[in-house]
Amino acid sequence: MTDTRSGFVTFVGRPNVGKSTLTNALVGEKVAITSEKPQTTRRAIRGIVNRPGGQLVVVDTPGIHRPRTLLGQRLNDLVEQVLGDVDVIAFCAPATEKVGPGDRRIAESLSGYPRAKKVALVTKTDAATRDQITERLVEVDSLREDWAAVIPLSADTNDQLDVLSDELLALMPEGPALYADDVVTDETLEDRIAEIIREAALHGVRDELPHSIAVTVDDVAKREDSDLTDVYANIVVERDSQKAIIIGKKGSRLADVGARSRQGIEPLVGGRVYLSLHVRVAKEWQRDPKQLGRLGF
């Protein structure tokens, strides 16, 4: 019987450095939503990676940023909590951009979590030149003296992902798997459906909307004598003007959101989906503790 290892890893970095894409690539299935809009991850989503030598539990956190609302503050608090609990923290910086003050601040802040081992990743290597990658590796390497490894990789082309998995697993404590080997996430079905709808609603909207969108799922029920699953959900925004943007001219945008959402939900429930979407306005919900609680923050 070989010794197996298992433990928790989280990716940190500025918003939009590719943390969610990396989580999904490692898990081999979509568990975290991705968007070209920064700060789209709202919860600590766990993705489970099974390897011959053990199991990695990837906790996908919101990007660390300077909070401007109560929601922003709660997201930062969530990151703090996660970082205090994981075995390995992997700091991400994209190969395509020079290391800046934001990266330095985050790399320095990792000293506040002495229990976790630290790894540095240079992401998005598929979009960078060889010189850029070399330059970035040098910059990232010099951010801390205690990196257990510095790895260049691309989640989009899967380049070096096996190297990353093996390296992370070697840093984990010895112990049995934490989840059954057919589980890819501990998110509930409702949570995953809500995230898929939110990703669809974020697609192609102007920049002022991303953080104003929340999604709640009222019901997911299989129909008797049919392969249809009924899903009833609400898209919650902060202002009437945003509601109009989501619905679009004669409901065209909402129809597109519905179509995109169904594509993501059908593989999850294993059949066709009837999706009922309502757009609701909850004034300034990002700043209101009561509303945040109702929406699950």
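**Salt bridges in a predicted model**

Mentor: In this predicted model, a salt bridge joins the side chains of D162 and R51, with an N to O distance of 3.4 Å.

Trainee: How many residues apart in sequence are the parts that D162 and R51 tie together?

Mentor: R51 belongs to strand β2, residues 45-51, and D162 to helix α5, residues 161-171. The pair therefore ties together parts of the chain whose separation in sequence is 111 residues.

Trainee: Is D166 buried, partly exposed or exposed?

Mentor: Its relative accessibility is 44%. Buried requires under 20% and exposed over 50%. D166 therefore counts as partly exposed.

Trainee: What is the N to O distance between D240 and K283?

Mentor: D240 is in helix α7, residues 240-247, and K283 is in the loop between β9 and α9, 43 residues apart. Both D240 and K283 are exposed. Their side chains form a salt bridge with an N to O distance of 3.8 Å.

Trainee: Which residues are linked with K98 in a network of salt bridges?

Mentor: A salt bridge needs a Lys or Arg nitrogen within 4 Å of an Asp or Glu carboxyl oxygen. The network that includes K98 also holds E135, R136 and E139.

Trainee: How many salt bridges does the count come to?

Mentor: The pairs D162 with R51 and D240 with K283 are salt bridges. By the rule used, the count comes to 15.

How values were computed:
Residues are numbered from 1 along each chain as its sequence is written. This is a predicted model: local features need pLDDT of at least 70, side-chain atom pairs count only at pLDDT 80 or more; totals for chains, interfaces and linings use all residues. Side-chain values use heavy atoms; hydrogens and water are left out. Helices (H or I, at least four residues) and strands (E, at least two) are DSSP runs, numbered from the N terminus. Buried means under 20% relative accessible area, exposed over 50%, partly exposed in between (1.4 Å probe, protein chains only).
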